[in-house]
Amino acid sequence: MKSNYKNIFTPLTIKNMTMRNRIMMTPMGTNYGEQTGEMSFLHIDYYTERAKGGVGLIMVENASVDSPLGSNGTTQIRIDHDNYMPRFFKLCETLHAHGACVGVQLNHAGASAQSKRTNMQPVSASDIPSKAGGEIPRPLKVEEIYEIVKKYGEAAARAQACGFDCVEIHAGHSYLLSQFMSPTTNKRTDEFGGCPENRARFTKLVVEEVRKQVGPMFPIFVRISADELMEGGNTLEDTLELLSYFQEEVDAFDVSAGLNGSLQFQIDANYLKDGWRSYMAKAVREKYNKPCVTMGNIRDPRVADDILERGDADIIGMGRGLIADPHWVKKVATGHEDDIRKCISCNIGCAGNRIGVNRPIRCTVNPTVNSGFDYKKKKVNKPCNVVVIGGGTAGLEAACTAAEVGCTTFLFEKNDHLGGLAVEISKIPDKKRLRDFPDYLVNRASKLTNLFIFKGQEATLPLIKALHPNIIVNSTGSNPLLPPIKGLHDHIDKEGSKVASIAGMINHLADYPEDCTGKKVVVVGGGAVGLDVVEYFAPKGAQVSIVEMMPQIGKDLDPVSKCGTNTLMREHHVNQMTNTALCEVKSDAFTVKVDGEEKDLPFDYGFVCLGMRANAPVLDEIREAFADTNVEIVNIGDSVRARRIIDGVQEGHNILNVLADHEYL
């Protein structure tokens, strides 16, 4: 393969494993496992797609070495009994056939397990929850520690017998071994607590037992939280000392960061730069001269190659980036970087689904997480004209998908640019990563010769009829929700007014001072949009208040964003006013009602962010005009109901079902 990135495509040998390139798929829970703990065929499809896409090493998500006590997630896979081995063998056989190496992560959740799933009190080093508000675990007895050590070794032996090329011991991210190493959760006074050597003892015993079981030539990776990025937690310097007690039998370090209480650094928030953690891997690599994996929002192949070139790390770990585009490696290898569907680090379909609401993972930008690009093999069996109204992310996904299977497709967008609300929100500095998705869709659309796009053009009935549509997709998005509150319509987004919507704020970003010290900012609406405003102004020194009618701010946020937002509001002393209703908008104050009393909240900048409302201005007219025909009319995305990008994109891709239902496929 010819590539501009020689470092990425240099093979790497660790003991008796040789990776074809330096990209490792990092272990991420999926909730695809069977209820028994067995790996499912859905899993195998998912990992196979990434092997086909060229990944060098796939590290399978954490497998429990001791269930139910140590299980993590709603349907975690298990490796604590021999009966799970045949399905693992099938996985290894399949991935090897596509040229990928494959490992499995061995784990015990400790205090991160939940009794509502296990019917057992969680265990840990001490009686300290693994996160704020978590269950109180019971401290493990010394004899129990040695029993768990043995189970790690037995699990590793099973992995080796199944055909895995390596194993990874999880010693980070607030799981059991991490709970022993971190001073935030280990308050023991025996030989497993206190000084760094004692806190590292459990991990040392596990590594030695695994080595004893798998022999000298089988690679052992250990995943660590190099900097816990929490008050009272291990710093990078602390971790470098801890590693000295168990590094001898370790072949590679997977250098991660963060605990449950600093989740935004463990599962990276969208504002963190590509490769921001690589300095941690560099420190470990320089001290112990062992191959190291680094990760952290790495989407750009140039960043990946530079990290390798500099010697910060030997392997680039990609997790969510390979959920978003399983063929990232292949596209980089063949010079098709502009076709990469980059992860936008929104954490909604992956972490939000899995950690937040116990669902299987999905992806905002990739509606075919398991099946990959197989849909493109389907082609329409008779002519089909598709008209799409609205060129936001949902409309673009529908138009591209229809064109890719052979439909003659026409897309109308009344604005002079495509991408809809995603393009507007991406103008906020910390949201700029979001722009990668509409850019990808526009690039994808530009390569389809049977997709005709009309920008700056309203979709009128005569125009639509002239195209003889078989299917019409309405995707006209949403508008800000502006209820009939006294003074709101008089002040919002008016010339010279201090009151703005999110759109008004975005249009005036250049007008806000970089230093807002002393400025009062009041945001009405505690959902994702209102919090975008808070996150923009609070770090600039403004005195920020956020008003929410419901009892909780950020109720529907994914866990990563929630953790990051709560930390930011705490650090910048944001005044959070829940159960508070907006009664009146004045030129320089909001009148709100709290505990039955009205009060004024004065501001220099006031923002009303009460959500969005579906906007479908031509839908009824179209339905009436085509009522007596066989034309199928589909309404998708925010023009049905204002929701997240993930919902509209999935509905856009579902045009394949409409085509199949009408026997075009």
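1. Asn289 lies in the loop that runs between α10 (278-288) and β11 (292-294). The model is a predicted one. In it, the phi of Asn289 is near 55°, a positive value in a residue other than glycine. Asn289 has a relative accessible area of 69%, which is over the 50% cut-off, and therefore counts as exposed.

2. Ser345 belongs to the loop between α13 (328-333) and α14 (348-357). Its phi is likewise positive, near 55°. Is Ser345 buried or exposed? With a relative accessible area of 2%, Ser345 is buried.

3. Most residues other than glycine have a negative phi, and most peptide bonds are trans. The bond from Ser67 to Pro68 is cis, its omega being near 0°. Pro68 is placed in the loop between β4 (57-64) and α2 (85-97).

4. Helix α15 (residues 393-404) has 12 residues, which at 1.5 Å a residue should span 16 Å; the end C-alpha atoms are 16 Å apart, in agreement. Of these 12 residues, 12 are buried, so the helix is largely enclosed by the rest of the structure. The buried residues include Glu397, Cys400 and Glu404. Just after α15, Gly406 adopts a positive phi of about 105°.

5. The largest nonpolar core comprises 165 residues, and among those with the most contacts inside it are Val60, Phe202 and Phe607. Helix α4 (residues 142-162) supplies the largest share of this core, 8 residues. Beyond its neighbours within four places in sequence, Phe202 is in contact with residues including Leu140, Ile148, Leu177 and Phe192.

Technical notes. Residues numbered from 1 in each chain as written. Predicted model: local features only at pLDDT ≥ 70, side-chain atom pairs only at ≥ 80, totals over all residues. Heavy atoms only, no water. Core = buried A, V, L, I, M, F, W, Y, C linked by side-chain atoms within 4.5 Å. Buried < 20%, exposed > 50% of the residue type's maximum accessible area, 1.4 Å probe, protein only. Helix = DSSP H or I, 4+ residues; strand = E, 2+ residues; numbered from the N terminus. Contact = heavy atoms within 4.5 Å. Expected span 1.5 Å × (residues − 1).
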